[in-house]
Amino acid sequence: MRNQTIVISGAGIAGPALAYWLHRYGFTVTVVERAPALRPGGQAVDFKGRTHLTVLERMGVLDAVRARRTGTTDTVFVDGDGRELVVMSGDFTGGDIEILRGDLAEILYEKSSEAVEYVFGDTITALTETADGVQVHFEHGQPRTFDLVLGADGIHSRVRKLAFGPESDYVHHLGHYYCVAGASRWSDPTAPRDRARAYAHNIPGKLAIDGGPKAQQMYLFASPALDFARDDTAAARRVIESTYADMGWHAPRMLADLAGFDDIYLDSISQVRMNGTYTRGRVALVGDSAYGNTLGGFGTGLAVVGAYVLAGELAIADGGHVTAFGAYDRIMKHYAKIAGNSNAGPFLAPKTALGIKARNWFLGSRGFSLMMKYGDKAANDIDLIDYPARVELTDVS
């Protein structure tokens, strides 16, 4: 079999979606995930438009995703005394279907786990490509040789660094940071969730959101690049506490609650710029590792569509990665434009009081409605190929 064995780095969204399609087409797939288990809960993600829903339907998971959707939640911007200023519609923030990232990952994992090898608690540390395959080294496991390596390991992709070069060459800080925080009980589907409305307050350069679909708390603030370890919860807590010490409104109570939260994630708002080339040799990138744009609104949809396209092109090319990767690059270079050069930071956390007033005016204007319609159109800007339901690879050995 040509290019029969494939290793995928990352068991978030793109990884399990890739694994499902590749197994369906007859490939032998291993998924390696650095975390010791699936990450539960997390912030809400969403799907927009016919294209995203069609891919979920073809995977056979659309009903399961709908059954675990969070529902539409409006975000109410208020002043320091809690008076309502403007409402950002949940139709904008939640798309057609909104679901917790951990719930979606679990659905995709369950869809693929019986036929796919999942290795948790390990990560790829080195790649050595030869004429016939790639020798893959792991932090804990023994080296193994695979025909192809696929990076689905997020905006800080280890595979991209190993195959393409330093993160600084491809990931560009956009001048803001965001933090989602909560207690692990929030991930319990049986726990009560008061998500009817989220309340948001700005001071220049800073936004705090209390409640809502993304997390129990969410923060977003302007800042140059910070030096901290992303997996250091204590460091993230200190950054938020010092940054928001001067904010009134609910912030003192939120910071007090923050001290007891065990699920805190702080990261930069950044964009991945690959110039339309997501493949190199026997390595390909999919999802945020290839076309990530933090809080851009299309990341999850791009991940599942990218997985569908990459696996489908490998199938119809009978495993021929040169042909398949070329087609994947061409298709996704066009479609990934929906991630664009947008930056949610200045919109959500304007740096001046005048900027905050202008943003609030825009949210209540016809221009905002037109922007929502543009986003819906962009999400469908792809001729979605109806790849064969199953392809048997040809033995060309």
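## The chain as a whole

The chain has 14 helices and 18 strands, and what you are looking at is a predicted model. Of its 397 residues, 56% are buried. The accessible surface of the chain comes to about 17000 Å², and carbon and sulfur atoms hold 51% of that area.

How much of the contact in this chain links residues 24 or more positions apart? Counting contacts with a separation of 6 or more, such pairs account for 74%.

## Helix 1 and its partner

Let's start with helix 1, which covers residues 14–24. Of its 11 residues, 9 are buried, so helix 1 is largely enclosed by the rest of the structure. The buried ones are Ala14, Gly15, Pro16, Ala17, Leu18, Ala19, Tyr20, Trp21 and Leu22. Just after this helix comes glycine 26, with a positive phi of about 100 degrees.

Two packed helices are described by the angle between their axes and the distance between the axes. For helix 1 and helix 2 (residues 49–59), the angle is about 50 degrees and the axes are 11 Å apart. The two helices are therefore oblique to each other, and helix 1 passes helix 2 in a left-handed crossing. On the helix 1 side, the residues that meet helix 2 are Ala17, Tyr20, Trp21 and Arg24; on the helix 2 side they are Val55, Arg58 and Met59. Sorted by class, this contact has 5 nonpolar residues, 2 charged ones and no polar ones.

An α-helix has 3.6 residues a turn, so residues three or four places apart point the same way.

## Helix 10 and helix 11

Helix 10 (299–316) packs with helix 11 (residues 321–335) at an angle of about 150 degrees, with the axes 8 Å apart. Helix 10 is therefore roughly antiparallel to helix 11, since angles over 145 degrees are counted that way. Their crossing is right-handed.

Helix 10 brings Leu302, Val305, Gly306, Val309, Leu310, Glu313 and Leu314 to the contact. Helix 11 brings His321, Ala324, Phe325, Ala327, Tyr328, Ile331, Met332 and Tyr335. By class, the contact between these helices has 12 nonpolar, 2 polar and 1 charged residues.

## Residues in the loops

Most residues other than glycine have a negative phi. Which way does the phi of aspartate 318 go, positive or negative? Phi of aspartate 318 is positive, near 55 degrees. This aspartate lies in the loop between helix 10 and helix 11, and at 15% relative accessibility aspartate 318 counts as buried.

Tryptophan 249 likewise has a positive phi near 55 degrees. Its place is in the loop between helix 7 (233–243) and helix 8 (251–258), and tryptophan 249 counts as buried at 15% relative accessibility.

Phenylalanine 298 sits in the loop between helix 9 (288–291) and helix 10. Its relative accessibility is 10%, so phenylalanine 298 counts as buried. From phenylalanine 298 to alanine 336 there are 38 residues in sequence, while their C-alpha atoms are 9.0 Å apart in space.

Setting aside neighbours within four places in sequence, threonine 75 is in contact with Val86, Val87, Met88, Ala198 and Ala200.

Technical notes: Residues are numbered from 1 along each chain as its sequence is written. This is a predicted model: local features need pLDDT of at least 70, side-chain atom pairs count only at pLDDT 80 or more; totals for chains, interfaces and linings use all residues. Side-chain values use heavy atoms; hydrogens and water are left out. Axes are lines fitted to C-alpha atoms, for helices over the stretch in contact, and angles run from 0 to 180 degrees between N-to-C directions. Helices (H or I, at least four residues) and strands (E, at least two) are DSSP runs, numbered from the N terminus. Angles under 35 degrees count as roughly parallel, over 145 as roughly antiparallel, 65 to 115 as roughly perpendicular and the rest as oblique. A crossing is left-handed if the near helix is turned anticlockwise from the far one by less than a right angle, and right-handed if clockwise. Contact means heavy atoms within 4.5 Å. Ala, Val, Leu, Ile, Met, Phe, Trp, Tyr, Cys and Pro count as nonpolar, Asp, Glu, Lys and Arg as charged, and the others, Gly among them, as polar. Buried means under 20% relative accessible area, exposed over 50%, partly exposed in between (1.4 Å probe, protein chains only). Accessible areas come from the Shrake-Rupley method with a 1.4 Å probe; for residues, only the protein chains shown count as cover.
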